[in-house]
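Colleague: Before I plan around the charged side chains, could you take me through how the labels on them were reached?

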Amino acid sequence: ASETDLAWKVPPAWKEQPASGMRLATFIIPAVQGGQAELSIVSFPGTAGGDFDNINRWRGQMELEPLADESALPKNSETLKTRAGLLRTVDLQGMNGQKGTRLLAAILSNGEKTWFFKLTGPRAAVDSAKSSYLDFLRSLKNAAQ
């Protein structure tokens with residue numbers, strides 16, 4: 001593993017799916033009620049467009065208004081410290097045709113690579129998966145550590 005690779009701890013109830021296309025990993029997270037949530041992990045070289053553009057793209061997928069400019073980021077996202085670095089996280093509830101859908105996403109960039117951790121699904125399923133998702137994010141570390 002190179003120093004730009006990540007390692008993580010997968011919660012026991014999560015079911016790993018085969019990697020496909022651009023996805024490094026996909027996990028299905030069964031919910032007590034409300035179906036299931038899905039976590040996708042992808043990575044790109046460099047900054048991959050930056051936090052602002054990616055968060056606005058996700059807001060668009062959830063049929064939410066885009067943020068006006070970068071100064072709106074701190075109010076509309078949070079940061080989470082991990083051994084792999086600082087993550088920027090968002091929690092978006094879908095509107096209009098996406099009502100009932102929830103998206104939790106985290107971005108980690110180390111300058112050489114950017115990783116996206118995106119949890120999506122019916123609101124109830126994502127609600128029940130949120131604490132294991134946060135535990136998963138907190139477990140991130142550089143593979144060389």
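Colleague: Why is Arg138 called partly exposed?

Modeller: In this predicted model, Arg138 has a relative accessibility of 45%, and since partly exposed covers values between the 20% limit for buried and the 50% limit for exposed, Arg138 counts as partly exposed. Asp135, with a relative accessible area of 47%, is partly exposed as well.

Colleague: How do you know that Arg138 and Asp135 meet in a salt bridge?

Modeller: A side-chain nitrogen of Arg has to lie within 4 Å of a carboxyl oxygen of Asp, and the N to O value for Arg138 and Asp135 is 3.2 Å, so the pair qualifies as a salt bridge. Both residues lie in helix α3, 3 residues apart, which is about one turn of the helix.

Colleague: What makes Arg102 count as buried or exposed?

Modeller: The relative accessibility of Arg102 is 7%, and buried means under 20%, therefore Arg102 counts as buried. Its salt-bridge partner is Asp127, at 2.2 Å from N to O, and this pair links distant parts of the chain, with Arg102 in strand β7 (residues 101-109) and Asp127 in helix α3, 25 residues apart. Asp127, by contrast, is partly exposed, its relative accessible area being 40%.

Colleague: Why is the contact of Lys130 with Asp91 called a salt bridge?

Modeller: The closest N and O atoms of Lys130 and Asp91 are 3.4 Å apart, and the limit is 4 Å, so the contact is a salt bridge. Lys130 in helix α3 (residues 123-138) and Asp91 in strand β6 (residues 85-93) are 39 residues apart.

How values were computed:
Residues numbered from 1 in each chain as written. Predicted model: local features only at pLDDT ≥ 70, side-chain atom pairs only at ≥ 80, totals over all residues. Heavy atoms only, no water. Helix = DSSP H or I, 4+ residues; strand = E, 2+ residues; numbered from the N terminus. Buried < 20%, exposed > 50% of the residue type's maximum accessible area, 1.4 Å probe, protein only.
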